[in-house]
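The following report looks at one helix and its surroundings, then at the nonpolar cores, an aromatic pair and some backbone details.

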Amino acid sequence: MKDAFGSPQSLLILGGTSEIALATARRLIARRTRTVWLAGRPSPALEDAAGQLRSLGAEVRTVPFDALDTGGHEEALGKVFAEGDIDVVLLAFGVLGDQERAEAEPAEAVRIAGTNYTGAVSAGLVCARSLRVQGHGSLVVLSSVAGQRARRSNFVYGSSKAGLDAFAQGLGDALYGTGVHVMVVRPGFVRTKMTAGTAPAPLATTAEAVAEAVETGLRRRSEVVWVPGALRPVMTVLRHMPQAIFRRLPV
C-alpha cells in the first residue's frame, strides 16, 4: 500500500534494464519506495541494475521474464504478486527494431510486434488481474508518440506502439472504478542506448525527464502523460494532416 505521504512502497518493473524505468525507480526510491522487482531476461545488466538500486536503500529482487514467452507470464508474474501487494507496475519493455530489415524479413517485423504489442498485452492483463484482486495499484504503460501516426521511417515500430496505446486506454476504461489506475505515457524521442546512433527528433527528451513526468502523473493519477508536454498539440496537428501532405514531410 502507499504510505501516509501517498508514495508507492512497492514497484514492479517489466523490462528491468530499461533506462527510463530505472530512472523512475531511482526517483521513487528517493521518495519512499522500498521494494522493487526487476523482471527481465537473466543477464549481467539485470543484476547490475538491481545492485545500483540496492545501493540506494531499496530491497531489490529479480525475476526471469521474457516478453515473447507469453506462455510463462502468468507463472513468472504470479510469483511476484504472491509475495505481497504491488503499488505500481511499470510496463517498460520494448524494442525499436530495424525498419529496413523488418520490411525485408517479415520475421523481424513479427519480433518487434510480438515484443511491443503481444507481449505487452499478455503481461498487462496478467498484472491488471492481480492489481484488481488486491483492490489498488497503478499500471504505467510506456507507449510512444510514434504510435499516434505511423511514419514511413519506422512504421513497424509505430504500429506496434499504436496497438499498445489503444490497448492500455481500453484497459484503463475496463478497470475504472476498481481501485486500479492505468496511466499511458507517450514520450517523444528519448536519448537512451536504444536510440543511440539515431538522429534525435525535434523535442527530444531524456530518461530522467520521462521519469519525472511518470512520478508527477502517478501523484496526480493522470490517465495520459506526454513527454514533453509540447508534443500533444504537435501530434494533434500531425494526426489530422492530409496523407498527401504528411508523405512529403521528412519523417
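In this predicted model, helix α6 (residues 155-175) is made up of 21 residues and spans 30 Å from its first C-alpha to its last, close to the 30 Å expected at 1.5 Å a residue. Its buried residues are Val156, Tyr157, Gly158, Ser160, Lys161, Leu164, Asp165, Phe167, Ala168, Leu171, Gly172 and Leu175. An α-helix has 3.6 residues a turn, so residues three or four places apart point the same way. The buried residues of α6 pack against α4, α5 (106-134), β5 (137-142) and β6 (180-187). After α6 comes Gly177, whose phi is positive, near 90°.

The largest nonpolar core holds 33 residues, and those with the most contacts inside it are Leu11, Val36, Leu38, Leu53, Leu90, Val140 and Val185. Helix α1 (residues 19-31) supplies the largest share of this core, with seven residues. A second, separate core contains 31 residues, including Leu164 and Leu171 as well as Phe65 and Ile86. Within the list of contacts made by Leu38, which leaves out residues up to four places away in sequence, are Ile13, Gly16, Leu22, Leu46, Ala49, Ala50, Leu53, Val60, Arg61, Thr62 and Val63.

One aromatic pair is counted in the model. Its members are Phe65 and Phe93, whose ring centres lie 5.6 Å apart and whose planes meet at 45°, so the pair is tilted. Because Phe65 is in the loop between β3 (59-64) and α3 (73-82), while Phe93 is in the loop between β4 (88-91) and α4 (99-104), the pair ties together parts that are 28 residues apart in sequence. Both Phe65 and Phe93 are buried. Another ring, that of Phe246, has Arg149 lying over its face, at 4.1 Å from the ring centre.

| Site | Backbone value |
|---|---|
| Gly177 | phi positive, near 90° |
| Arg221 | phi positive, near 55° |
| Val227 to Pro228 | cis peptide bond, omega near -5° |

The positive phi of Arg221 occurs in a residue other than glycine, and Arg221 belongs to the loop between α7 (207-220) and β9. With a relative accessibility of 42%, Arg221 counts as partly exposed.

Note on methods. Residues are numbered from 1 along each chain as its sequence is written. This is a predicted model: local features need pLDDT of at least 70, side-chain atom pairs count only at pLDDT 80 or more; totals for chains, interfaces and linings use all residues. Side-chain values use heavy atoms; hydrogens and water are left out. Rings of Phe, Tyr and Trp (its six-membered ring) pair if their centres lie within 6.5 Å; planes under 30 degrees apart count as stacked, over 60 as edge-to-face and the rest as tilted. Helices (H or I, at least four residues) and strands (E, at least two) are DSSP runs, numbered from the N terminus. Buried means under 20% relative accessible area, exposed over 50%, partly exposed in between (1.4 Å probe, protein chains only). A charge sits over a ring if NZ of Lys or CZ of Arg is within 6 Å of the ring centre and within 35 degrees of the ring normal. The expected span of a helix is 1.5 Å times one less than its number of residues. Contact means heavy atoms within 4.5 Å. A nonpolar core is a set of buried Ala, Val, Leu, Ile, Met, Phe, Trp, Tyr and Cys residues joined through side-chain atoms within 4.5 Å.
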